[in-house]
Amino acid sequence: GIVFEPIGDPQECGVRIREIPRGGKAYLSKELKVGDELISINDTKMSNLTFYEILEFISEEDDQNQFNLIFQRQDTKEMKAAMGRRFRNLITRSA
């Protein structure tokens, strides 16, 4: 399935798509892109949950075998700037 990553620190709120595996429904639909932010699952808002809370929610909802996922796409320039800041922060922390 879709691989998610936290937006910023895993203890902060929100996740975005990190990877869309080839051959899956999401890949074949060509509607989703890496960087799209997950807004809700089955009408439950995700933007106020941490990365780990969202993963827990997904595992609990997995019994339904059907997800209604809503995503939001940032402007490409905004996304590149945000990812650049994140990359610079990782370099600063590790130095």
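Let's start with a word you'll need on this tour: a residue is called buried when its relative accessible area is under 20%, exposed when it is over 50%, and partly exposed in between (1.4 Å probe, protein chains only). What you have open is a predicted model, in which local features need pLDDT of at least 70 and side-chain atom pairs count only at pLDDT 80 or more, while totals for chains, interfaces and linings use all residues. Residues are numbered from 1 along each chain as its sequence is written, and side-chain values use heavy atoms, with hydrogens and water left out.

**Stop 1: aromatic rings**

Select F4. This residue is buried, with a relative accessible area of 14%.

Two numbers describe a pair of aromatic rings: the distance of the centres and the angle of the planes. Rings of Phe, Tyr and Trp (its six-membered ring) pair if their centres lie within 6.5 Å; planes under 30 degrees apart are stacked, over 60 edge-to-face, and the rest tilted. How many aromatic pairs does the structure hold? Two.

F4 and F71 make a stacked one, with 6.3 Å from centre to centre and 10° between the planes. Colour the chain by secondary structure and you'll see that this pair links distant parts of it: F4 is in strand β1 (residues 3-6) and F71 in strand β5 (residues 69-72), 67 residues apart. Helices (H or I, at least four residues) and strands (E, at least two) are DSSP runs here, numbered from the N terminus.

Next, select F51 and Y52. Their pair is edge-to-face, at 5.3 Å centre to centre and 75° between the planes. Which of these residues is buried, and which is partly exposed? F51 is buried, with a relative accessible area of 12%, whereas Y52 is partly exposed at 46%.

**Stop 2: charged partners**

Side chains of opposite charge can pair when their charged atoms come close. The term to know is salt bridge: a side-chain nitrogen of Lys or Arg within 4 Å of a carboxyl oxygen of Asp or Glu. A search of the whole structure turns up two of them.

Go to E5 and show R16 as well. They form a salt bridge, and the closest N and O atoms are 2.9 Å apart. E5 lies in strand β1 and R16 in strand β2 (residues 15-19), so the pair ties together parts that are eleven residues apart in sequence. Both ends are tucked away: E5 is buried at 11% relative accessible area, and R16 is buried at 7%.

For the other bridge, pick D36 and R73, whose closest N and O atoms are 2.7 Å apart. Where do they sit? D36 is in the loop between α1 (25-29) and β3 (37-41), and R73 is in the loop between β5 and α3 (76-94), 37 residues apart. D36 counts as buried at 2% relative accessibility, while R73 is partly exposed at 42%.

**Stop 3: loops**

Click on G24, in the loop between β2 and α1. This glycine is partly exposed, with a relative accessible area of 28%. Draw a C-alpha to C-alpha line from G24 to I2: the two are 22 residues apart in sequence and 8.5 Å apart in space.

Finish in the loop between β3 and β4 (44-45), where you'll find N42. N42 has a positive phi of about 45° although it is not a glycine. D43 lies in the loop between β3 and β4 too, and its phi is near 70°, again a positive value in a residue other than glycine. D43 is exposed, with a relative accessible area of 73%.
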